[in-house]
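Subject: Structure handover

Hi,

Here is the structure for you to take over. Please open it first; my notes on what turned up follow below.

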Amino acid sequence: MNYLITGATGFLGKKLVSHLLERGDSVNYLARKRSRQLDPRAAYHCWNPPEKPPMNSVPRHDVIVHLMGEPIMQRWTDQAKKRIRSSRVDNTRQLVSAIAELKYKPRVLVSASAVGYYGNRGDEILTERSSPGNGFLAELCRDWEREALYACELGLRVVTVRIAPVLGREGGALAEMLKPFRLGLGGKFGSGRQWMPWIHIEDLIRLFLFAAQNDTVSGAVNGSSPNPVTNTVFTRTLAKVLSRPAFFTVPGFALKLALGELADFLLDSLRVIPPAAEQAGFSFEHPELAGALGSMLS
């Protein structure tokens, strides 16, 4: 199959490009500049947002995987929030607008979103049918998905994957968590009672490809393990896998002093499960946290 990818130079994008090329797919990617970190078999095409992407210069493709977005894990100043929003909402709007001009359109758009869509929901079990939450990230995800779903009007099948914090060796949420744990300074955030969704990077790659290839999948799909855990359980499990102590607690007020509004994201409780994927026939290879962490760290 022929794939066009945005955000190919990010943690998830690089993994996806490598996987597709290894299995013999054709890969093109849109980015501001050519990446030396990507396999040269992936064909580069320049896109300089906020301009519209040059879709007519890209070879005909079957699937678009849209991963582009400013990093979330930064202090949410007013300017940072504008960049984060524009990189997702505005750029998705421009992408769909460019697709509309194509004579031969792709069959499917698989667009990233995030479990932040649900906001802080305590112990409530959250599925793809749950309502959106409140706050900056929830509103961002709602608007981001809305722009992607406009491609349905062009005849594309559209899937929005609500990604949970990703566990992988080279990046994602786990890479940041490992630093204090390896120094013996790991600990829970706040009360530790908040639910943490998560997903192994290999399962997330497989889920994106499953969504691209399975014609029965459309709309929102939770990209999260079927077994979310509390922050306390996550902390203890990670410490055990690393054979490190985890005695510390980072108080909520300290996180807010250090990170500002971003701290709310780390303290929010999201008990997310993925019924849409499982009912469509997707099977997780790393459904349990201990096994997922062990596959990467032991």
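**Aromatic rings**

F210, F282 and F284 form one aromatic cluster. Keep in mind throughout that this is a predicted model.

In total, five aromatic pairs are counted. One of them joins Y29 and Y44. Y29 sits in strand β2 (residues 26-31) and Y44 in strand β3 (residues 43-46), so the pair ties together parts that are 15 residues apart in sequence. Y29 is buried, because its relative accessible area is 1%.

**Charges over rings**

Y117 comes up again here. R162 lies over its face, 3.6 Å from the ring centre. Another arginine, R271, lies over the face of W195, at 4.1 Å from the ring centre.

**Helix α1**

Helix α1 covers residues 11-22, which is 12 residues. From first C-alpha to last it reaches 17 Å. That is close to the 16 Å expected at 1.5 Å a residue.

Which residues of α1 are buried? They are L12, G13, L16, V17, L20 and L21. Looking down the axis of α1, these buried residues fall within an arc of 155°, so they line one face of the helix.

What covers the buried residues of α1? The cover includes strands β1 (2-6), β2, β4 (63-66) and β7 (157-163), along with helix α5 (201-213). Strand β2 is also where Y29 lies.

After α1 comes G24. The phi of G24 is positive, near 95°.

**Cysteines**

How many disulfides are there? The count is zero. Take C152 as a case. The cysteine sulfur closest to that of C152 belongs to C141, and it is 18 Å away, too far for a bond. The cut-off for a disulfide is 2.5 Å between the sulfur atoms. C152 is partly exposed, at 39% relative accessibility. C46 is partly exposed too, with a relative accessible area of 35%.

**Backbone points to check**

Two places in the backbone are worth a look.

- The peptide bond from P49 to P50 is cis, with omega near 15°. P50 lies in the loop between β3 and β4.
- S243 has a positive phi, near 55°, and is not a glycine. S243 belongs to the loop between α6 (231-242) and β14 (248-250). At 61% relative accessibility, S243 is exposed, because the threshold is over 50%.

**Recap**

For the aromatic side, start with the cluster of F210, F282 and F284. Then view R162 over Y117. For the helix, colour the buried residues of α1 and look down its axis to see the one face that they line. For the backbone, go to the cis bond between P49 and P50, then to the positive phi of S243.

Best wishes

Conventions. Residues are numbered from 1 along each chain as its sequence is written. This is a predicted model: local features need pLDDT of at least 70, side-chain atom pairs count only at pLDDT 80 or more; totals for chains, interfaces and linings use all residues. Side-chain values use heavy atoms; hydrogens and water are left out. Rings of Phe, Tyr and Trp (its six-membered ring) pair if their centres lie within 6.5 Å; planes under 30 degrees apart count as stacked, over 60 as edge-to-face and the rest as tilted. Helices (H or I, at least four residues) and strands (E, at least two) are DSSP runs, numbered from the N terminus. Buried means under 20% relative accessible area, exposed over 50%, partly exposed in between (1.4 Å probe, protein chains only). A charge sits over a ring if NZ of Lys or CZ of Arg is within 6 Å of the ring centre and within 35 degrees of the ring normal. The expected span of a helix is 1.5 Å times one less than its number of residues. The arc is that of the directions from the helix axis to the C-beta atoms. Contact means heavy atoms within 4.5 Å.
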